[in-house]
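Me: I am new to this structure. Can you show me how to read its features, one at a time?

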Amino acid sequence: MRTARGVLTLHLDVEIPPIDPQAFVPQAVSKLSESHRVERCAMRLLTARRSDVDATESISPRTLAAAALHAAFSLVTPKARPTLDEIEAVIDVSPSTISERKSELLQYREVWEASTER
């Protein structure tokens, strides 16, 4: 058992739902001193992934949040985005994992692009 949630489920027979990745985004954006556009973009990417019936792979909420942030920075402020090390310092996910998962979140970029065309 690798998580406290798993221990509680196993020993106390208490089912605890997983944390929503969106819960990590506002604080991370604040710590990185970034705009609310980055936050809105990351949230839209995560919402699109959650509603995608084909996205069945189980990924840590923290990892999804970090990847969504990195993808959002690429879409909103590509020239001024923080480094992977800076995102790691805020969200505690390895840079290689963030980079690996970013492309998965970028497949939902049309959700963000459609919302900015209005």
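Me: Where is Ala-42 found?

Reply: Keep in mind that this is a predicted model. Ala-42 is found in helix 3.

Me: Is Ala-42 buried or exposed?

Reply: Look at the relative accessibility. Buried means under 20%. Ala-42 has 0%, so Ala-42 counts as buried.

Me: Which residues does Ala-42 contact?

Reply: Skip the neighbours within four places in sequence. Beyond those, Ala-42 is in contact with Val-25, Ala-68, Leu-69 and Ala-72. A C-alpha separation tells you about the backbone too. Ala-42 and Ala-67 are 25 residues apart along the chain, and their C-alpha atoms are separated by 8.7 Å.

Me: How many residues does helix 3 have, and what does helix 3 reach from its first C-alpha to its last?

Reply: Compare the span with the expected one. Helix 3 has 16 residues and reaches 22 Å, close to the 22 Å expected at 1.5 Å a residue.

Me: Which residues of helix 3 are buried, and what do they pack against?

Reply: The buried residues are Val-38, Glu-39, Cys-41, Ala-42, Leu-45, Leu-46, Ala-48 and Arg-49. They pack against helix 2 (25–31), helix 4 (61–76), helix 6 (95–106) and helix 7 (109–116).

Me: Which residue caps the N-terminal end of helix 3?

Reply: For a cap, look at a side-chain oxygen and a backbone nitrogen. Ser-35 caps helix 3, with a side-chain oxygen 3.3 Å from the backbone nitrogen of Arg-37. Helix 4 has a cap at its N-terminal end as well. There, a side-chain oxygen of Ser-60 lies 3.2 Å from the backbone nitrogen of Arg-62.

Me: How many residues of helix 4 are buried?

Reply: Helix 4 is mostly covered, with 14 of its 16 residues buried. From first C-alpha to last, helix 4 reaches 22 Å, close to the 22 Å expected.

Me: What does Thr-63 touch?

Reply: Start with its place. Thr-63 is found in helix 4. Its relative accessibility is 11%, so Thr-63 counts as buried. Not counting residues up to four places away in sequence, Thr-63 touches Val-93, Thr-97 and Arg-101.

Me: Now a loop. Where is Ile-59 found, and is Ile-59 buried or exposed?

Reply: Ile-59 is in the loop between helix 3 and helix 4. Its relative accessible area is 13%, and therefore Ile-59 is buried. Leaving aside neighbours within four places in sequence, Ile-59 is in contact with Arg-49, Leu-64, Arg-101 and Glu-104. Ile-59 and Val-76 are 17 residues apart in sequence and 24 Å apart in space, C-alpha to C-alpha.

Me: What is phi of Asp-92 near?

Reply: Phi of Asp-92 is near 60°, a positive value in a residue other than glycine. Asp-92 sits in the loop between helix 5 (84–91) and helix 6. Its relative accessible area is 61%, so Asp-92 is exposed.

Me: Last, pockets. What volume does the second largest pocket have, and which residues line it?

Reply: Rolling a probe the size of a water molecule over the atoms shows where empty space is left. The second largest pocket has a volume of about 190 Å³. Its lining includes Pro-18, Ile-19, Asp-20, Leu-46, Arg-49, Arg-50 and Leu-64. By class, the lining has 6 nonpolar, 1 polar and 4 charged residues.

Me: Which helix gives the most to that lining?

Reply: Helix 3 gives the most to the lining of the second largest pocket, with 3 residues.

Conventions
Residues numbered from 1 in each chain as written. Predicted model: local features only at pLDDT ≥ 70, side-chain atom pairs only at ≥ 80, totals over all residues. Heavy atoms only, no water. 1 Å grid on protein atoms, 1.4 Å probe; cavity = no way out; pocket = protein on both sides within 12 Å on 5 of 7 lines; lining within 4 Å. Points joined across faces, edges and corners; volume = space filled by probe spheres on them. Helix = DSSP H or I, 4+ residues; strand = E, 2+ residues; numbered from the N terminus. Nonpolar A, V, L, I, M, F, W, Y, C, P; charged D, E, K, R; others polar. Expected span 1.5 Å × (residues − 1). Buried < 20%, exposed > 50% of the residue type's maximum accessible area, 1.4 Å probe, protein only. Contact = heavy atoms within 4.5 Å. Polar contact = N/O pair within 3.5 Å; in protein donor to acceptor, adjacent residues only side chain to side chain.
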